[in-house]
Amino acid sequence: MYDIFLICFFILVVGACIGSFLNVVALRAISKESVIFPNSKCPSCNTPIKWYDNIPIFSYFFTVKGKCRSCGCKISIQYPIVEALTSVLFLVVCISFGFTIKSLLILILLSMAIVLSVTDIKEQYTYTVHLWIFVITSIISSLYFHGIKNYMFVILGVLSGIIVMELLARGSFYLIKKKHIISENNDNENCNDKKNEEKNDEDEEDINTYIQKKKRVFGIGDTYIAAGMGALLGWKYIILAVMFAVILQAVCIIPSFLLSLYKGKDYKLCFSLIGFIILSIIYWVLFNIISLSTPVSITFVIILAIIAFYILTALQNKTNMAGFKTIPFGPPLLVSMFIIYFWGETIINFIRNHIWLIAG
Ligand SMILES: [Zn+2]
């Protein structure tokens, strides 16, 4: 028993150290510095950090207390969060799959997912090197899990990942372009395949400029991620994974969207959205627990459809989206990949049994 605790503790420590390294990988990609040199330093005053101030998780809370020792600047909470997250995920994977090659491959994928998420959240940008490591590891993992004989599984998976994501990125553009066209007068901005080039606070306009220039709502980085997802999940599960990512993102965006509607005094739309969400939940609960009669059920669906139609029309006519913050699509995609990889079948069964409301 004692041994098991010791091993778990060891894995947690190794995980935290790797998490610390992943922070460095992500942040030095952003600052365009080498991953290995120089040693860790404070991002604001460049003072080298002493080893005892650089112990993952521990130092942030106990020795430096969230502030740089020499300049007193706040140190981002992102550091301990990434370290703790990596540490826990390492333990979960090692407990689930032991010290195997499978564990190793999943851990590399998880690590790259964390790096990609950090840069995507911080800069709305994913770096080509990280994307390629992710895609290649995913292909190798899939070949290892399914056997090299099943290379068609991987090829079809990668292709369907690319197709699904490109359709979504470009298709959504044609859905929203009407009201979001911004005059193309900022010519001296060069995109160079960058996902989003904004580094300032005026996100809205820059994201819209990007959308307008590239005629797509998601960056090319998300297509790489989808290709990697496809390699691992195969063509059958990739659509489910992307749909799940859209839901995840919606769940994260809806509160900020509602708040921006409320602040913009668009109470009608705000409350009809809230009403739609609450009614859907009530309907789902009633349907599954009390089992509604068909006429009641149909009435419910008709009401929901009317509200949905109203919301969609109102959204289409909405020109001022100021105050509405979008979140990058990379992290939900990556989270969704792991969820679908491990629980895809359970989720499909759940959909069959509980969500397919009328078709039953
Ligand atoms: Zn400092």
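Q: What share of the 360 residues in the chain is buried?
A: Buried residues make up 30% of the 360 residues, where a residue is called buried if 20 or more other C-beta atoms, placed from the backbone, lie within 10 Å of its own, exposed if 12 or fewer do, and partly exposed in between. This is a predicted model, in which local features need pLDDT of at least 70 and side-chain atom pairs count only at pLDDT 80 or more, while totals for chains, interfaces and linings use all residues. Residues are numbered from 1 along each chain as its sequence is written.

Q: Why does Ile57 count as buried?
A: Ile57 has 21 C-beta neighbours inside 10 Å, and because the cut-off for a buried residue is 20 or more, Ile57 counts as buried. Ile57 lies in the loop between α1 and α2, and has a positive phi of about 55° although it is not a glycine.

Q: Why does Asn46 count as exposed?
A: Asn46 has 10 C-beta neighbours inside 10 Å, and because exposed residues have 12 or fewer, Asn46 counts as exposed. Asn46 is likewise found in the loop between α1 and α2 (58-61), and its phi is positive, at about 65°, although Asn46 is not a glycine.

Q: How many helices and strands are there in the chain?
A: The chain has 12 helices and 0 strands, helices being DSSP runs of H or I with at least four residues and strands runs of E with at least two, numbered from the N terminus.

Q: What is the reach of α8 set against its expected span?
A: From its first C-alpha to its last, α8 reaches 20 Å with 14 residues, which is close to the 20 Å expected at 1.5 Å a residue; the expected span is 1.5 Å times one less than the number of residues. Of the 14 residues in α8, 13 are buried, and the helix is therefore described as mostly covered. Just after α8, Gly234 takes a positive phi of about 85°.

Q: What makes up the largest nonpolar core, and which residues have the most contacts inside it?
A: A nonpolar core is a set of buried Ala, Val, Leu, Ile, Met, Phe, Trp, Tyr and Cys residues joined through C-beta atoms within 7 Å, and the largest such set here has 61 residues, with Met229 and Ala241 having the most contacts inside it. The elements giving two or more residues to this core include α1 (2-30), α8 (220-233) and α9 (235-263), while the largest share, 11 residues, comes from α4.
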